[in-house]
Structures are given as structure tokens and as C-alpha cells.
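Thanks for making time, everyone. Have a look at the model on the screen, and I'll walk you through a few spots in it.

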Amino acid sequence: MHCPYCRGTDTRVLDSRVAEDGASIRRRRTCSSCERRFTTVELMQLSILKRSGATEPFQRDKAVAGVRKACKGRPVTDAQLACLGQEVEDALRLTGAAEVPAHEVGLAILGPLKVLDEVAYLRFASVYRSFESADDFIEEIAAMHADAASRTPHPAPTG
């Protein structure tokens, strides 16, 4: 760890604390050269296991880029996409795994995207799930209607 003030490499940790969300560690450090103090935050490296067997670091921007294509022409803002990206990353980190299969990223996107924009959801799902015919769309739309009906509160019978 290099000191941000003098670029010295001899630093020592004075205090370490786990962040409230448990996803990072805050360390208070001091530099042996200039004796100044500074704070560092360490995050768990989240890796994506690709189908080929290779791994790469999770990139929120890459996940959002795929969703952005599905949202083309839809009333979805960059701020909403940024929130979706954060939600996806949070969901993946909550699994507690340091390495997540690539298909789990797509699954983590589907839920928040369905809430954000149903048309964009259908576009994304059609590619992600490899829809092959109009029947696949019809089945997915029927499932969406059934899901919406189950969440709609039914009025109490009067009588």
C-alpha cells in the first residue's frame, strides 16, 4: 500500500473494521515515512466464471451495457440503469461467493429489469433465454400476467 501523501511503501494498519453491510473492510493506516494517516477501503473482488472456464472481474458497466440495448427507445434513464446495475451487483455480492457463474448475472438482471420496464425485460429475456418462436413470447407474457394477478390485492367480499 502506497501512502497517498509521500508515496512511501512502509505503512501499517492502526485499525480495521468491517463496514455495516459486511461487503467491505475499512482500514485506518499510518505512513512510517511522513507519519500521516489515511483510510483505505477493501472490497471483495467479485469474479465472473464464463462458460469457457475463464474468469474475469465483474464489471457493472458491462452488465448495464447489455441492459441498455434492451432499453433502447424505452423511457428508461441512465440514472435508472445505474440503480439497476447497483442492484445487480448487490444481489451477486449477497450470494457470498467470490466467483459467480455468468448465467447468474443474467438471472440477477431479469428481476429488477421486469420491475423497471416490461418491454425491455421481454427483449432481454428473449436473448438471454434464447426465445425461438412467438410462442416463447406468449408463454413469458402469460407468466408475467399471472405474476401480476397474484400480486394484485383482491377486494374483500361484501355481503
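Let's start with the cysteines. The sulfur of Cys34 has its closest cysteine sulfur in Cys3, 3.7 Å away, and that is too far for a bond. The rule I'm using is that a disulfide is a pair of cysteine sulfur atoms within 2.5 Å. By that rule, the count here is 0 disulfides. Cys71 isn't in one either: the nearest cysteine sulfur belongs to Cys83 and is 13 Å away.

Before I go on, a word on what you're looking at. This is a predicted model, so local features need a pLDDT of at least 70 and side-chain atom pairs count only at pLDDT 80 or more, while totals for chains, interfaces and linings use all residues. Residues are numbered from 1 along each chain as its sequence is written, and side-chain values use heavy atoms, with hydrogens and water left out.

Back to those two cysteines: buried or partly exposed? Cys71 is buried, at 5% relative accessible area, whereas Cys34 is partly exposed, at 28%. Buried means under 20% relative accessible area, exposed means over 50%, and partly exposed is in between, with a 1.4 Å probe and protein chains only.

Next, strand β1, which covers residues 11-18. Thr11 sits in β1 and is buried, at 17%. What does Thr11 touch? Skipping residues up to four places away in sequence, it touches Met1, Cys3, Arg29, Thr30, Cys31 and Phe38; contact means heavy atoms within 4.5 Å. Leaving aside neighbours within four places, Val13 contacts Arg27, Arg28 and Arg29. Take Val13 and Arg29: they're 16 residues apart in sequence, yet 4.4 Å apart in space, C-alpha to C-alpha.

Now over to the helices. In α4, residues 118-128, the buried residues are Ala120, Tyr121, Leu122, Phe124, Ala125 and Ser126. What covers them includes α1 (60-70), α3 (102-116) and α5 (134-151). At the start of α4, a side-chain oxygen of Asp117 comes within 3.1 Å of the backbone nitrogen of Val119. Just after the helix, Ser130 takes a positive phi of about 55 degrees.

So what about the core? A nonpolar core is a set of buried Ala, Val, Leu, Ile, Met, Phe, Trp, Tyr and Cys residues joined through side-chain atoms within 4.5 Å. The largest one has 26 residues, and Val67, Leu92, Ile109 and Leu113 have the most contacts inside it. At least two residues of this core come from each of α1, α2 (78-94), α3 and α4. Which residues does Ile109 contact, leaving aside its neighbours within four places in sequence? They are Ala63, Val67, Val88 and Phe124.

Last stop, the largest pocket, where Ile109 turns up again: Ile109 is among the lining residues nearest the centre, along with Lys62, Ala63, Ala102 and Val105. The lining has 22 residues in total, and α1 gives the most, with 6. β5 (55-57), α1, α3 and α4 each supply at least two residues of that lining.

Notes: Helix = DSSP H or I, 4+ residues; strand = E, 2+ residues; numbered from the N terminus. Polar contact = N/O pair within 3.5 Å; in protein donor to acceptor, adjacent residues only side chain to side chain. 1 Å grid on protein atoms, 1.4 Å probe; cavity = no way out; pocket = protein on both sides within 12 Å on 5 of 7 lines; lining within 4 Å.
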